[in-house]
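Thanks for coming. Please look at the sequence and the model on the screen while I go through them.

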Amino acid sequence: MSEIALDHQQVMEILPHRDPMLLIDEVVSLEPMQRIEAKLHIRPEWDIFRGHFPGSPIFPGVLSVECMAQASDVLIMTGEKYAGLTPLFASINNARFLRGILPGDVVTARAEVAEINEAKAKVVCRTELRKENGALAAPAEVNSAMREGGKRENIPGKDSTWIFL
């Protein structure tokens with residue numbers, strides 16, 4: 001299968017996340033259920049930097065993990081077997097934060113499928129977040145449980161939202 005690239009709008013058609021929690025700007029390279037490379041521009045104007053940390057802002061580690069998880073979600077949700085299902089964050093293992101991510105940085109989230117448990121509909125992805133210079137900022141293992149029950153519902157005057165039944 002050939003590699004796929006996705007712009008921001010196409011990412012939004014796959015992920016249920018929306019601003020301020022959508023942490024994938026574009027997908028540079030995707031082979032569904034194999035590997036993904038996605039980019040996020042760390043915008044200096046984000047509110048999070050007002051409090052994390054004033055005078056010396058740094059992108060929170062928990063958002064680094066979320067960015068890696070969202071890249072994994074796109075990787076899994078574009079696979080034929082899991083299309084239409086909702087990925088739920090089951091666990092994060094071996095996360096480490098090696099380099100600070102600063103306002104203005106551009107990071108690349110990479111993920112590859114490491115393990116699939118078909119009986120439990122769980123997918124494990126090896127992930128990493130790299131800075132623009134290629135330096136490893138954060139590696140982790142993201143475990144997702146693929147579930148039915150998430151449906152998109154349009155609310156007048158609002159962006160679409162996801163409802164879990």
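I will start with a term: a residue is buried if its relative accessible area is under 20%, exposed if it is over 50%, and partly exposed in between, using a 1.4 Å probe and protein chains only. With a relative accessible area of 5%, Phe-59 is therefore buried. Of the 165 residues of the protein, 45% count as buried.

Two remarks on where this comes from. The model is predicted, so local features need pLDDT of at least 70 and side-chain atom pairs count only at pLDDT 80 or more, while totals for chains, interfaces and linings use all residues. Residues are numbered from 1 along each chain as its sequence is written, and side-chain values use heavy atoms, with hydrogens and water left out.

Next, the overall layout. Helices (H or I, at least four residues) and strands (E, at least two) are DSSP runs, numbered from the N terminus. The protein has 3 helices and 9 strands. Along the sequence the pattern reads β-α-β-β-α-α-β-β-β-β-β-β.

Now the sheet. Two strands count as paired if DSSP finds at least two bridges between them. Which order do the 7 strands of the open sheet take? The order is S1-S2-S3-S5-S6-S7-S4, and the pairing is antiparallel. Strand S1 (4–6) and strand S4 (86–93) stand at the edges with a single partner strand each, so one side of each is left without a neighbour in the sheet. From one strand to the next, the twist averages 25°; for such angles, axes are lines fitted to C-alpha atoms, for helices over the stretch in contact, and the angles run from 0 to 180 degrees between N-to-C directions.

Some of the pairings in detail. S1 and strand S2 (residues 26–31) run antiparallel and are joined by 2 bridges. Ile-4 has Leu-30 in S2 as its bridge partner. Between S3 and S5, also antiparallel, there are 7 bridges, and Glu-37 stands opposite Arg-110 in S5. S5 and S6 run antiparallel with 10 bridges, and Ala-111 stands opposite Thr-127 in S6. The hairpin of S5 and S6 has 4 residues between the strands, and Ala-121 there takes a positive phi near 50°.

On to helix H3. H3 has 17 residues and reaches 24 Å from its first C-alpha to its last, close to the 24 Å expected at 1.5 Å a residue. That expected span is 1.5 Å times one less than the number of residues. Is H3 mostly covered or mostly exposed? Mostly covered: 15 of its 17 residues are buried. H3 packs on the sheet, touching S1, S2, S3, S4, strand S5 (106–117), strand S6 (122–131) and strand S7 (136–147), and its direction makes about 130° with that of S6.

Ser-64 lies in H3 and is buried, with a relative accessible area of 3%. Contact means heavy atoms within 4.5 Å. Leaving aside neighbours within four places in sequence, Ser-64 is in contact with Phe-59, Phe-97, Ile-101 and Leu-129. The C-alpha atoms of Ser-64 and Phe-97 are 8.8 Å apart, although the two residues are separated by 33 residues along the chain.

Now the core. A nonpolar core is a set of buried Ala, Val, Leu, Ile, Met, Phe, Trp, Tyr and Cys residues joined through side-chain atoms within 4.5 Å. The largest one has 40 residues, and those with the most contacts inside it are Ile-24, Val-27, Ile-36, Val-74, Leu-129 and Met-146. Helix H1 (8–14), S2, S3, H3, S5, S6 and S7 each supply at least two residues. H3 gives the most, with 9 residues.

Last, the aromatic rings. Rings of Phe, Tyr and Trp (its six-membered ring) pair if their centres lie within 6.5 Å; planes under 30 degrees apart count as stacked, over 60 as edge-to-face and the rest as tilted. The structure holds 2 such pairs. Why is the pair of Trp-46 and Phe-49 called stacked? Their ring centres are 6.4 Å apart and their planes are at 15°, so the pair is stacked. Trp-46 and Phe-59 form a tilted pair, 6.1 Å centre to centre with 35° between the planes. Trp-46 is partly exposed at 22% relative accessibility, whereas Phe-49 is buried at 7%. Ring pairs link Trp-46, Phe-49 and Phe-59 into a cluster.
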